[in-house]
Amino acid sequence: MRTRWLKIPAAWITPLGVIGAVIAITWVGIAFTARLWVPFDPLSQDLPRLQAPGIDTLMGTDALGRDIFSRLMTGASVTIPLALMLVLMSLAVGTLIGAIAGYFGKWVDELLMRLTDLVMAFPTVILAMVVAAALGPSLFNAVIAAFVVSWPQYARMTRSIVLGLRTQNYVMAGRLMGFSPFKTLRVDIAPNVVGPILVLASLDVGTAILLLSGLSFLGLGAQPPTAEWGSMISAAIQNFDSWWIGLFPGLAILTVVMAFNFVGDSLRDIFDPTSQVSRAGARS
Amino acid sequence: MTELLEVSDLVIEYHGATVVRAVDEVSLTIAPGEVLALVGESGCGKSSLARAVVGMEKPRAGAVTYRGAEVPLLGVRRRRAQFTSIQMVFQDPNSSLNPRVRVGQQISEGIRAAVERGDEGSQPEEWLERVGLPTEMVSRYAHELSGGQRQRVAIARALAARPDLLVADEPISALDASSQASVADMMRKLALDAGAGLLFISHDLAIVRLIADRTVVMYRGKVVESGVSDLIWNDPRHPYTRALISAIPEPDGTGTLPAAPAAEAPEEWRMTLPEALNRA
């Protein structure tokens, strides 16, 4: 289905890409359904404290007697939708700004690009921390903070592609036929920007999850008692002997970030013919 | 007779590390239903002139007038309908079609431009037929076509906009020898059928002779010879035109290589010969 829709020749479907897609889709599925089937209320503190993983509590319990498996699964429904939303927001704003800068050029370009330079000049996590701290610690503010630091890369990339496309003959031909600027952007430019931006977005989901969990880990994101992977790991620091408290959320972050990276890498191979060639060469 | 296009004392300069004057006070006119060819070696300013005619290049001095109105620069604003009857066919067929839009759709955009000016409308298939392509190609994408087919689609798209002035910037140079003459001939026929003026840019004097009513020879940004094509072909006055004609390879079997025009570039090529201009 998916392959036919994207017209991917069979040779392009790589094992890593498929594994990544399966894991990513599984996690997204968990994120949207977890509340319906987890064995325990992720917030109730009825179970024995610091219980090691066993039959009744698959991944043990934490210092407050909450079931880690249930918290982990519902944690997915906190982090993953927010990360996806974050990526979509950055993508929408970043590509729009980049497209306008690249297409209109001159002072518009200058203004918008200096603005993105300003944001990009700061280290991502530090700037996100500053924003989150200034707005006050909450998950919503963490998303805003992460958004502030993540849109510029989309703007940069879109601008450079649009700059290259703008002088293409078919864009000129459209202009000669009386296309309005927005029709040119929609018909002649946008479809040719989609591929690389999609790749960037799928790679960015992993980064967004890391950033959101990172902020929560630092106490700037999700607040107790919300089940969130970063804050779960943060809580594990207090009970270092109970390895299961931190290990499973860590594994969750690891698998989901890697899965989205695998998907992004294989998408890049699909959209970028030059990387195809190099990989085929490496194989033979 | 009122002129369709009038280029008067056009100057185009590129300002980089040094100032390059690509077009130096060139004047020419095209009447409706006339084919004017612009020939000259690479870098003589032909393409710059073509780009200025459609408004893609800003003139340093001089003017490009289309039906008495100055052609506006093709900026970010939408082009007014009165100027969408100027269409262009580009040199590189690979970048003249949008890779993500079906061929039929792209021709439809040309038809839409014509309808906006009051034309009754047409079907993309008609235009494909007119440029000698099978009508099934409406659902193809550019990458599924050969270079020659792409160029024909680009011509079909430009013609579908029902241009009154068609500017063709070396439309045949990317094609193989056998299709060059047929595409050039087809362009002449289709443009004349529509009553349009055609500005045909080429470095190939042999083909230009076959299709152009009048010819303008450019060298280093200046017009060195102009007038009725047959006169120029049969009796070239300017030394540069003579060199261009003698550079056309002949299948005479003697194995002599034609003199390469730009190799030595004698000083006399740059002189102005008043009797070589506006020959009738």
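In chain B, 4 strands make up an open sheet with the order β2-β1-β4-β5, and the pairing is antiparallel. Its edge strands are β2 (19-30) and β5 (69-70) of chain B, each of which pairs on one side only. Strands are DSSP runs of E with at least two residues, helices are runs of H or I with at least four, and both are numbered from the N terminus; two strands count as paired if DSSP finds at least two bridges between them. The structure is a predicted model, in which local features need pLDDT of at least 70 and side-chain atom pairs count only at pLDDT 80 or more, while totals for chains, interfaces and linings use all residues. Residues are numbered from 1 along each chain as its sequence is written, chains are lettered from A and ligands numbered from 1 in the order in which they are written, and side-chain values use heavy atoms, with hydrogens and water left out.

Within the sheet, β1(B) and β2(B) run antiparallel and are joined by 8 bridges. These two strands form a hairpin, with 3 residues between them. Val7(B) is placed opposite Leu28(B) of β2(B). Strands of a sheet pair through backbone hydrogen bonds, either parallel or antiparallel. Helix α1 (residues 46-54) of chain B lies across β1 (5-15), β2 and β4 of chain B and runs at about 120° to β1(B). Axes are lines fitted to C-alpha atoms, for helices over the stretch in contact, and angles between N-to-C directions run from 0 to 180 degrees.

Helix α4 (residues 147-160) of chain B has 14 residues, which at 1.5 Å a residue should span 20 Å; its end C-alpha atoms are 20 Å apart, in agreement with that value. The expected span is 1.5 Å times one less than the number of residues. Of the 14 residues of α4(B), 11 are buried, so the helix is largely enclosed by the rest of the structure. Buried means under 20% relative accessible area, exposed over 50% and partly exposed in between, with a 1.4 Å probe and protein chains only. Among the buried residues of α4(B) are Arg150(B), Gln151(B), Arg152(B), Val153(B), Ile155(B), Arg157(B) and Leu159(B). Their cover includes α7 (169-176) of chain A, together with β6 (86-89), α2 (103-116), α3 (124-130), β7 (165-169) and α5 (177-193) of chain B. Contact is defined as heavy atoms within 4.5 Å.

The axes of α4(B) and α5(B) come within 12 Å and cross at roughly 10°. That makes α4(B) roughly parallel to α5(B); angles under 35 degrees count as roughly parallel, over 145 as roughly antiparallel, 65 to 115 as roughly perpendicular and the rest as oblique. The contact involves Arg152(B), Ile155(B) and Leu159(B) on α4(B), and Ser182(B), Val183(B), Met186(B), Met187(B) and Leu190(B) on α5(B).

Helix α8 (residues 239-246) of chain B is mostly covered, with 6 of its 8 residues buried. The buried residues are Pro239(B), Tyr240(B), Thr241(B), Ala243(B), Leu244(B) and Ile245(B). They pack against β3 (35-39), α6 (205-211), β9 (214-219), β10 (222-228) and α7 (229-234) of chain B.

Two arginines of chain B have positive phi values. Arg162(B), in the loop between α4 and β7 of chain B, has a phi near 45° and is partly exposed at 28% relative accessibility. Arg220(B) lies in the loop between β9 and β10 of chain B; its phi is about 50°, and with a relative accessible area of 43% it is partly exposed.

Chain A contains 11 helices and 0 strands. Its C-alpha atoms fill a box of roughly 75 × 50 × 35 Å along the principal axes. Buried residues account for 51% of the 284 residues in chain A. Of the contacts in chain A between residues at least 6 apart in sequence, 71% join residues at least 24 apart. Chain A exposes about 13500 Å², of which carbon and sulfur atoms supply 72%; accessible areas come from the Shrake-Rupley method with a 1.4 Å probe, and for residues only the protein chains shown count as cover. The peptide bond from Pro224(A) to Pro225(A) is cis, with omega near 5°. Pro225(A) is placed in the loop between α8 (181-217) and α9 (229-236) of chain A.
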